[in-house]
Amino acid sequence: MASNNGLAKIETQKMKEEICHDDSSAPVKAQTVDELHSLQQKKKSGPNTPIKGLNQSAFGSEVDRNKQQLQSISASLASLTRETGPKVVKGDPAKQAETPKVAHASQFQHQHTIPNLNISDSSLKFTHILYNLSPAELYEQAIQYEKGSFITSSGALATLSGAKTGRSPRDKRVVKDDTTSDELWWGKGSPNIEMDEQTFLVNRERAVDYLCSLEKVFVNDQFLNWDPNNRTKVRIVSARAYHSLFMHNMCIRPTPEELENFGTPDFTIYNAGKFPCNRYTHYMTSSTSIDLNLARREMVILGTQYAGEMKKGLFSVMHYLMPKRQILSLHSGCNMGKDGDVALFFGLSGTGKTTLSTDHNRYLIGDDEHCWSDHGVSNIEGGCYAKCIDLAREKEPDIWNAIKFGTVLENVVFEEHTREVDYTDKSVTENTRAAYPIEYIPNAKIPCVGPHPKNVILLACDAFGVLPPVSKINLAQTMYHFISGYTALVAGTEDGIKEPTATFSACFGAAFIMLHPTKYAAMLADKMQKKGATGWLVNTGWSGGSYGSGSRIKLAYTRKIIDAIHSGELLSANYTKTEVFGLEIPTELEGVPSEILDPVNAWRDKDAYKETLLKLGGLFRKNFEVFANYKIGADNNLTEEILAAGPNF
């Protein structure tokens with residue numbers, strides 16, 4: 001049979017009562033494409049935040065809870081100098097079909113007294129709140145609206161942090177008031193640079209005005225600290241989807257039920273990102289300013305888009321809040337064995353903290369920030385912030401595999417067509433980073449809590465080659481070396497360094513501590529003594545000579561040492577004492593050459609060893625001068641005990 005065009009007509013055979021393939025269905029109900037798109041997504045909105053203290057039964061509906069949530073966010077965005085602010089409404093303005101009807105911001109009860117000034121243009125506009133968006137939604141926002149955002153071949157979101165690709169510690173300020181002037185560590189050696197409250201409020205106003213001038217802002221309500229008894233509620237208000245996704249990963253993500261009962265946050269960040277501070281404002285040294293006000297429980301970020309400022313700013317806050325509850329905040333890694341034995345790892349960059357605390361035979365509690373309370377240890381964060389430079393699947397498979405959908409990649413370089421990242425490329429910065437949820441690590445312990453630590457391990461990469469590969473240290477020595485926070489930079493790690501250079505960072509995190517280092521050290525020693533923890537000093541650096549003449553201690557030997565600490569094998573070893581530092585070192589350890597356990601035996605030139613040992617001891621003493629006059633209590637006994645645990649010539 002032929003058709004009209006001369007081609008054979010294809011005949012189909014009707015199947016009786018049987019249909020092999022049937023994708024027929026009734027037409028969609030939509031009358032327009034826009035209406036069709038509206039059917040694509042379920043209309044169920046995310047959990048909402050009621051105001052603390054209100055009767056929950058009276059506001060049980062989703063509409064009422066949404067209203068209370070907007071009141072809470074409106075209070076956070078309230079201006080201090082104008083009676084009115086923007087109208088706040090939830091949702092992406094691009095998806096708003098009609099003008100939203102919400103209560104005016106001035107009708108909400110603000111926590112501050114504000115002068116009765118004339119109405120301003122800001123009261124005539126809407127500020128759309130994109131509240132606790134999912135990673136998928138934040139991907140869409142970033143790719144559509146933020147230049148420099150791309151999906152890489154692994155599924156991670158690559159983005160740029162602008163001109164600042166690292167923290168700006170010289171631009172960080174803390175409000176000095178009647179309370180903080182006595183409580184915080186000020187002066188020489190301290191990371192706390194003061195500002196007055198009036199200047200903070202000027203910067204806060206600038207940041208809030210900028211955020212309220214935008215058509216939309218991102219709001220995250222999340223938690224810090226996995227310990228349910230000491231959880232801290234934080235709210236982050238930011239201008240970029242990248243920042244919102246970063247904090248989604250780095251803070252602890254609430255369940256829908258927890259979010260519905262979130263209430264008033266304990267601390268709020270206003271991240272104005274690229275919007276600069278006014279350099280004519282008092283205390284400003286550049287167009288960047290990161291300001292903490294502990295009394296108001298607020299942080300303001302101006303003139304930098306580097307996301308790490310939020311992470312470390314909150315860590316500083318925890319360094320202030322937790323010790324007030326007799327909880328020790330720690331800049332450390334933490335893991336746990338299958339028998340429940342917990343180890344803390346302290347160490348500066350290049351000491352091997354990440355490598356040694358990441359152990360496939362042990363559970364990871366966290367990689368960077370922890371608390372030690374009467375209940376045990378807990379991770380402060382909900383994610384990891386890993387360095388990516390020279391990342392390789394073979395060396396760090398866990399980090400490599402964690403870089404997938406949901407992960408933020410900062411300032412990396414990728415191939416234009418395949419979107420494959422070149423982790424060796426430093427074109428943008430050497431400080432390339434990945435931020436991902438901790439559950440992306442296979443052996444992460446969720447929830448991230450554990451019992452009291454059994455071992456406290458202080459890591460140092462000694463490029464002078466005079467510290468032993470491992471030493472057992474008493475409580476006074478633990479406090480001394482904890483306060484010192486020593487490692488050594490070598491040629492190649494920073495420009496212009498030709499020989500070992502000693503580096504000290506109090507409590508292994510001087511940039512983030514708020515109180516005097518001796519207070520943290522005393523708390524550490526007290527907890528170690530009460531819970532029976534043992535202190536260890538582990539050198540992952542050089543042996544048999546300084547950098548250039550000796551050789552770096554093999555990682556395999558260091559791993560044997562760490563394994564022997566975990567197993568308790570080292571506790572039963574025979575010990576001898578070293579000169580100058582007075583460190584107890586084992587005479588033998590299976591799997592580690594005996595000749596390197598005592599550094600002097602590994603040096604051919606004994607005179608050179610002694611000279612280098614005295615040089616390093618002198619550097620320790622000089623660094624400790626800034627801490628020597630600090631007193632705890634009525635007498636100075638503790639400080640004298642710590643000083644006596646240092647180098648003795």
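Here are some friendly questions and answers about this predicted model.

Residues are numbered from 1 along each chain as its sequence is written. In this predicted model, local features need pLDDT of at least 70 and side-chain atom pairs count only at pLDDT 80 or more, while totals for chains, interfaces and linings use all residues, and side-chain values use heavy atoms, with hydrogens and water left out.

Q: How many helices and strands does the protein have?
A: Helices (H or I, at least four residues) and strands (E, at least two) are DSSP runs, numbered from the N terminus. Counted that way, the protein has 17 helices and 32 strands.

Q: Is helix H8 largely enclosed by the rest of the structure or exposed?
A: Buried means under 20% relative accessible area, exposed over 50%, and partly exposed in between (1.4 Å probe, protein chains only). In H8, 16 of the 17 residues are buried. Helix H8 is therefore largely enclosed by the rest of the structure.

Q: What span does H8 reach from its first C-alpha to its last?
A: H8 covers residues 308-324, which is 17 residues.

Q: Which kind of aromatic pair do Phe504 and Phe620 form?
A: Rings of Phe, Tyr and Trp (its six-membered ring) pair if their centres lie within 6.5 Å; planes under 30 degrees apart count as stacked, over 60 as edge-to-face and the rest as tilted. A search of the whole structure finds 20 aromatic pairs. In this one, the centres are 5.1 Å apart and the planes stand at 85 degrees, so by the cut-offs the pair is edge-to-face.

Q: Where is Phe620, and is Phe620 buried or exposed?
A: Phe620 lies in helix H16 (residues 606-624), 116 residues from Phe504 in strand E27 (residues 501-504). Phe504, at 22% relative accessibility, counts as partly exposed. Phe620 has 0% relative accessibility, so Phe620 counts as buried.

Q: How are H11 and H17 oriented to each other?
A: Axes are lines fitted to C-alpha atoms, for helices over the stretch in contact, with angles from 0 to 180 degrees between N-to-C directions. The axes of H11 (residues 475-484) and H17 (residues 637-644) come within 8 Å and cross at roughly 85 degrees. Angles under 35 degrees count as roughly parallel, over 145 as roughly antiparallel, 65 to 115 as roughly perpendicular and the rest as oblique. H11 and H17 are therefore roughly perpendicular.

Technical notes
The expected span of a helix is 1.5 Å times one less than its number of residues.
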